[in-house]
Amino acid sequence: MVVLPEQRLSILTIGVRDLAGMVRFYTDVLGFVDGGVKGEVAFFNAGGMALGLWDETKLADDAGAPDDRKGQFKGFALAFNARSAEEVDLIFARLAEAGVRIAKAPHKTYWGGYSGYFADPEGNAWEVAYNPFWPIDEAGRVTVPARKER
């Protein structure tokens, strides 16, 4: 059995069809503060982890999964933020040794990080990522920095 170095959930990203409407709901109705990139992706601090909202087609493509809601992609991706790109590679090596399905091998991302995806036994997408822009405290909690208006 493969065990990740730390047992924690860093981010839950929900694939959405109407990003603007969902951001309005989470901010106006639920009171979350958006720290994402306006019009592209929303990220909210959620008690030591982050909640993300992203276009479901883009999330499916990023996870290397079909965007049909009938196959393996469920409209969300769980994520573990590693402390370095090297840790991402180590985790994927252990997953591969255990025969876990790697949906998308670790790679440099367009947003400046390093990320890959694997699937759990029921096909749920898990991302393991190193994000140099989000601090992780000693307890493994990630903080989404306040958004800077462009």
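# Reading a cavity, ring pairs and salt bridges

Modeller: In this predicted model, the largest cavity has a volume of about 50 Å³. The structure holds 1 cavity of 30 Å³ or more.

Biologist: Which residues lie nearest the centre of the largest cavity?

Modeller: Ala 65, Arg 101, Ala 119, Gly 123 and Ala 125 lie nearest the centre, out of 11 residues in the lining. Strand S6 contributes the most to this lining, with 3 residues.

Biologist: Let us move to the rings. What describes a pair of aromatic rings?

Modeller: The distance of the centres and the angle of the planes describe such a pair. In this structure, a search of the whole model finds 7 aromatic pairs. Take Tyr 26 and Phe 32: their ring centres are 5.9 Å apart and their planes stand at 50°, so the pair is tilted.

Biologist: Why is that angle called tilted?

Modeller: Planes under 30 degrees apart count as stacked and those over 60 as edge-to-face, so an angle in the remaining range is tilted.

Biologist: Is Tyr 26 buried or exposed?

Modeller: Tyr 26 counts as buried, at 12% relative accessibility.

Biologist: Which residues form an aromatic cluster?

Modeller: One cluster is made of Phe 25, Tyr 26, Phe 32 and Phe 44. The tilted pair of Tyr 26 and Phe 32 thus belongs to that cluster.

Biologist: Where in the chain are Glu 56 and Arg 17?

Modeller: Glu 56 is in helix H2 (residues 56-63), while Arg 17 is in the loop between strand S1 (11-16) and helix H1 (19-29). They are 39 residues apart, and the pair links distant parts of the chain.

Biologist: Is Glu 56 buried or exposed?

Modeller: Glu 56 is buried, with a relative accessible area of 9%. Arg 17, at 65% relative accessibility, counts as exposed.

Biologist: What does Arg 147 form with Asp 34?

Modeller: Arg 147 and Asp 34 form a salt bridge, with the closest N and O atoms 2.9 Å apart. This pair also links distant parts of the chain. Arg 147 is in the segment after strand S7 (125-130) and Asp 34 in the loop between H1 and strand S2 (41-45), 113 residues apart. Arg 147 is partly exposed, with a relative accessible area of 27%, whereas Asp 34 counts as buried at 15% relative accessibility.

Biologist: Which residue does Arg 141 meet in a salt bridge?

Modeller: The side chain of Arg 141 meets that of Asp 137, at 3.0 Å from N to O. Arg 141 is partly exposed, with a relative accessible area of 44%. Asp 137 counts as partly exposed at 29% relative accessibility.

Conventions. Residues numbered from 1 in each chain as written. Predicted model: local features only at pLDDT ≥ 70, side-chain atom pairs only at ≥ 80, totals over all residues. Heavy atoms only, no water. Phe/Tyr/Trp six-rings, centres within 6.5 Å; stacked < 30°, edge-to-face > 60°. Buried < 20%, exposed > 50% of the residue type's maximum accessible area, 1.4 Å probe, protein only. 1 Å grid on protein atoms, 1.4 Å probe; cavity = no way out; pocket = protein on both sides within 12 Å on 5 of 7 lines; lining within 4 Å. Points joined across faces, edges and corners; volume = space filled by probe spheres on them. Helix = DSSP H or I, 4+ residues; strand = E, 2+ residues; numbered from the N terminus. Salt bridge = Lys/Arg side-chain N within 4 Å of Asp/Glu carboxyl O.
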